[in-house]
Amino acid sequence: MNPSPITPSAKTDAIRTTLDNAVDALLNERNPEGHWKGCLSSSALSTATAIVALHFVDAEKHQNLISMGLDWLVQYQNDDGGWGDTTISFSNISTTLLCWSALSFSPNPLGDAATKAKTWIKSEIGALDPDTIAEAVKARYGKDRTFSVPILMTCALAGKLGDSPIENWRRVLPLPFELATVPRSWFGAIGLPVVSYALPALIAIGYARFHHAPPPLPIRLIRNLAWKKASQLLTRIQPPTGGFLEATPLTSFVTMALAGANQSRHPVIPKAVAFLTASARPDGSWPIDSDLATWTTSLAVKAIGSNVDFEREKVLNYLIMNQYKEVHEFTNAPAGGWAWTDLAGGVPDADDTPGALLALALLSPKSPHPETLSAAQDATTWLLNLQNRDGGIPTFCRGWGKLPFDRSSPDLTAHTLRAWHTWRPHLGPALAQQVDSASLAALEYLENTQQPDQSWLPLWFGNQYRPNEANPTYGTAAVLLALIPLDHPKASSLAHSAGNWLLTNQNPDHGWGAGLGTPSSIEETALALEALSRAANTHPSIPIAALQQAADHLAAATKGGTHFPPAAIGFYFAKLWYHEKLYPIIWTVAALNAFTILMSHRDSASESASS
């Protein structure tokens, strides 16, 4: 007997069941304090750097953690001999070099892991000689030395860049650590070779390179004199947790740089080691960062919306409590922003701040409480002061536009535009006028950064299946969500083209990857479906059938909202990779919420027309 065809009502019931299950899964992920913390993937990059750092601090004392870390690396080496940043990431030259270097410090034989790594490196870059390795790393990151120098330093510490110490270190690019001692307001003008948050790396690694390969006498004297002040600054900016940015790689790089340059008694090291040992996982690995608690909480609130009951006041208080109330040591950012985590090592930025603003709006009554309104006004002003001359929004610092991470980006600009528009009705006349002017500039920036194929490329969400690792699905969905509510002809036109790009790039399986033909993921399918569902309320030309098919795909991929395998995500212009347990849950809830609201509106309109 042939099965009965699935009726539209049965499909609707299946989608609603999937949504209910996904909401339950998301609510069950809250911690005892009532908000979300999430769980970041284990990272081969983090594990390798932690191993090297602990080796140079005290290999005997930390032998157990080092051995467990090395065993984990061997266990999760890719079949091709390389390593990716996560266990589901493709091999890349940076992480493979770091892991290969870490293997050099093993007290025990590790089989053929090192041999397999050498084979992969040679096949990837053509040779294993030090010059080829150094050039490959520099080519991967271009002018930005934020990661190229730490990677080369790790290779030098492992003896991979030359037969003698001086030869090793000459291939590590120098960093002018003395520039860290100039007034912070000069940083944008002097053009540091690292991004704004990487001040600890500039100081520690710059000193290590200076120590091992000192420059000629006049410069040597200047740097010698500058070291004491730079060293004191490094100590001062270390957070109480010991982890710079709460990130294992940055903390490890700083630690190995100091310990490897005869600075083993530096006051930064004990706190850094305490952070590294505390953040080691039972299986021997380390995550890329401690957590994304503030970010995932904001995302979860936005996904759930205002129709589901949970402890909203607790979450509201949590977010307000974690807004920065003073100037930040790293970036000199004023008060008013939010970081990705509630831990002391976070840095306020222009994705978490609009995310928190949007969450505050959903958590507030129609007339926000004075404390909430004050927080929103401060955050709005913070973002206004961050806007670059091109109208776009950078991550951390205004005017640091020489490196990719500090330039304006469409995803951050779009997110900020959404937050400004949401809070504008609650702002005073003067601040509202500033928002209007800034929003027009942001809209112009988005128009200017639209790609020839009508998509937008984000900074914060890469896809490993594309040749350039960029993800126009994420970027275009983020921009579309910002454009939908704007009453402006330019916004309407750009929204129409954004919707067309997403529809054109829906895969034959009705999901989305990072473009037509790249594998569909839960995250990207959900992002596209949410944006298109919200847009369909004001753009009736969007075909409902395509959205229904996408919702069906999402229901099947999540096994009815009960199964959420994550995809690898690239950040830092898609040169680092991670995944987060909550992302596929959060974005499934957001997408199916938007889709069911759309269908409810359509049903109501149809009933009204019939009557």
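Arg223 is buried, at a relative accessible area of 13%. Its salt-bridge partner is Glu178, with the closest N and O atoms 3.1 Å apart. Arg223 sits in helix α11 (residues 217-237) and Glu178 in the loop between α8 (165-170) and α9 (187-190), so the bridge ties together parts that are 45 residues apart in sequence. Glu178 is also buried, because its relative accessibility of 16% is under 20%.

The model is predicted. The structure holds nine salt bridges in total. Three of these pairs are tabulated here.

| Pair | Closest N to O distance |
|---|---|
| Arg223 and Glu178 | 3.1 Å |
| Arg424 and Asp436 | 2.6 Å |

Take Arg424 and Asp436, which form a salt bridge at 2.6 Å. Arg424 lies in the loop between α18 (410-423) and α19 (429-449), and Asp436 lies in helix α19, so the pair links parts that are twelve residues apart in sequence. Arg424 is partly exposed, with a relative accessible area of 34%. Asp436 is partly exposed too, at 31% relative accessibility.

Helix α19 also holds Glu447, while Lys490 lies in helix α21 (residues 489-504), so this pair ties together parts that are 43 residues apart in sequence. Lys490 counts as partly exposed, at 28% relative accessibility. Glu447 counts as partly exposed as well, at 35%.

Shared partners occur elsewhere. Salt bridges join Asp131, Glu167 and Arg171 into one network.

Key:
Residues numbered from 1 in each chain as written. Predicted model: local features only at pLDDT ≥ 70, side-chain atom pairs only at ≥ 80, totals over all residues. Heavy atoms only, no water. Salt bridge = Lys/Arg side-chain N within 4 Å of Asp/Glu carboxyl O. Helix = DSSP H or I, 4+ residues; strand = E, 2+ residues; numbered from the N terminus. Buried < 20%, exposed > 50% of the residue type's maximum accessible area, 1.4 Å probe, protein only.
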